[in-house]
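Dear colleague,

Please find below the structure that I am handing over to you.

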Amino acid sequence: MPRAFLLVIDSVGIGGAPDAAQYFNGDLPDTGANTLAHIAQACAAGQADQSRSGPLHVPVMDSLGLGAAVRLASGDATPGLSADPQGLWGAATEISRGKDTPSGHWELAGVPVPWDWHYFPDTLPCFPPDLTAQVSTLAGTPGILGNCHASGTKIIADLGAKHIETGWPICYTSADSVFQIAAHEQHFGLDRLLTLCQAVAPLVHAMKVGRVIARPFIGTPETGFTRTTNRHDYAIAPPAPTLCDWVQDAGRPVYAIGKIGDIFSMRGITEVRKGADTQLMQHLSDLIDQAEDGSLTFANFVEFDSLFGHRRDVSGYARALEWFDAELARLLPRLRPDDLLLISADHGNDPTWHGTDHTRERVPVLGHGLGPRAIGQVAFTDVAASIAAHLGVPSQGAGRSFL
């Protein structure tokens, strides 16, 4: 019985979104953003040589059709990516009104978002007073720190010492539909932070805010503060059964690697494996050997986005892509003959772009296991329909299989 592996390389967009002008980083639209092409161009121009050098080197993904997918999506130049595709390849366009994690993942799993997300304004303070009061009550503190749009690493550097002194949680947001709470694992307590976030989640979900994110950190004012891997997302539940439910309802296991379990509120998830991206790659390697016949393995590799896209680190992003590609070279030969492995993304986060937020882009769809196959321009939902067809389970979404 065939198996399926769906890998989301978080934020690796390929430009060309037809509605990019409707999305913004600050006051400037996302028109022309292209995460992959601009990284490749920067590498070729010698502008991404920190701890790496030369043109972007991702021969495995390029051989599947990555360069061709970028050119299909946007027409932009992809120096160093010119292979004749030997895998399944195409470009997917999103219809959900957002450029965020839940929208992209849910739609890849067959369910577009039927509502507009709520975003907190970029003001001081940014949260409504009644929500601030409720969070303070749940935390058992007289107030909260932050109450603003902020970078997660910067706000713990700025407010970590005051947080330890007062015991108040650090609450902040971004251009995404999120409510984030940072707290020290020892001084505030990891379990206390997770309990607080779980209690806050229904309050903001009712506002159509997509996620409450627990952001634990460690350290001291003297040595500095560092976020840990104990992050947990409390996401609003998908509005309809997703690919994960379709597979599980057919009696098959669904393995979630990374934050997939959080994104889908554990709906349709059999087992979760977490960690940093290097650990997630080991989990994927293990499941190539261990996953049962008929199973779905759904993985999210987040550090492209969290460590390099938001921080506009072109060299770091290029290094991450090259690391991922080298790992694929090790893993793909170990897949079974009837396995299907698809690689896609949930949105863009162009590290050469203005601002610090996601960018509205099309995403690649690359596949191993079916030989050369150009699928052209497809919908995000077609990914779910295709995996369902490969696994032989009923598709309940609007997508069409490209297999």
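Buried area, as used in this message, is the accessible area, taken with a 1.4 Å probe, that two parts lose on being put together, summed over both. The size of an interface is often given in this way. Please note that the model is predicted.

The protein is divided into two parts: domain 1 comprises residues 3–114 together with 239–391, and domain 2 comprises residues 129–235. Taken over C-alpha atoms, the centres of domain 1 and domain 2 are separated by 28 Å.

Between them, domain 1 and domain 2 bury about 960 Å², of which 48% lies on carbon and sulfur atoms. On the side of domain 1 that touches domain 2, helix 4 (101–108) and helix 9 (260–263) each supply at least two residues. By type, the residues on that side of domain 1 comprise six charged, three polar and three nonpolar. In terms of contacts, twelve residues of domain 1 meet ten residues of domain 2.

Which polar interactions link the two domains? Five residue pairs, both members at pLDDT 80 or more, are in polar contact between domain 1 and domain 2, while the count of salt bridges between these domains is zero.

As to the record, an unreviewed UniProt entry carries the annotation "domain: Metalloenzyme" for residues 3–393. Over residues 3–393, the chain is 36% helix and 21% strand, and the end C-alpha atoms of this stretch lie 12 Å apart.

With kind regards

How values were computed:
Residues are numbered from 1 along each chain as its sequence is written. This is a predicted model: local features need pLDDT of at least 70, side-chain atom pairs count only at pLDDT 80 or more; totals for chains, interfaces and linings use all residues. Side-chain values use heavy atoms; hydrogens and water are left out. Domain bounds come from an automatic or database domain assignment. Contact means heavy atoms within 4.5 Å. A salt bridge is a side-chain nitrogen of Lys or Arg within 4 Å of a carboxyl oxygen of Asp or Glu. A polar contact is a pair of N or O atoms within 3.5 Å; within protein, one must be able to donate a hydrogen and the other to accept it, and residues adjacent in sequence count only if both atoms are side-chain atoms. Helices (H or I, at least four residues) and strands (E, at least two) are DSSP runs, numbered from the N terminus. Ala, Val, Leu, Ile, Met, Phe, Trp, Tyr, Cys and Pro count as nonpolar, Asp, Glu, Lys and Arg as charged, and the others, Gly among them, as polar. UniProt positions are given in the numbering used here, feature names are shortened, and annotations may be inferred rather than shown by experiment.
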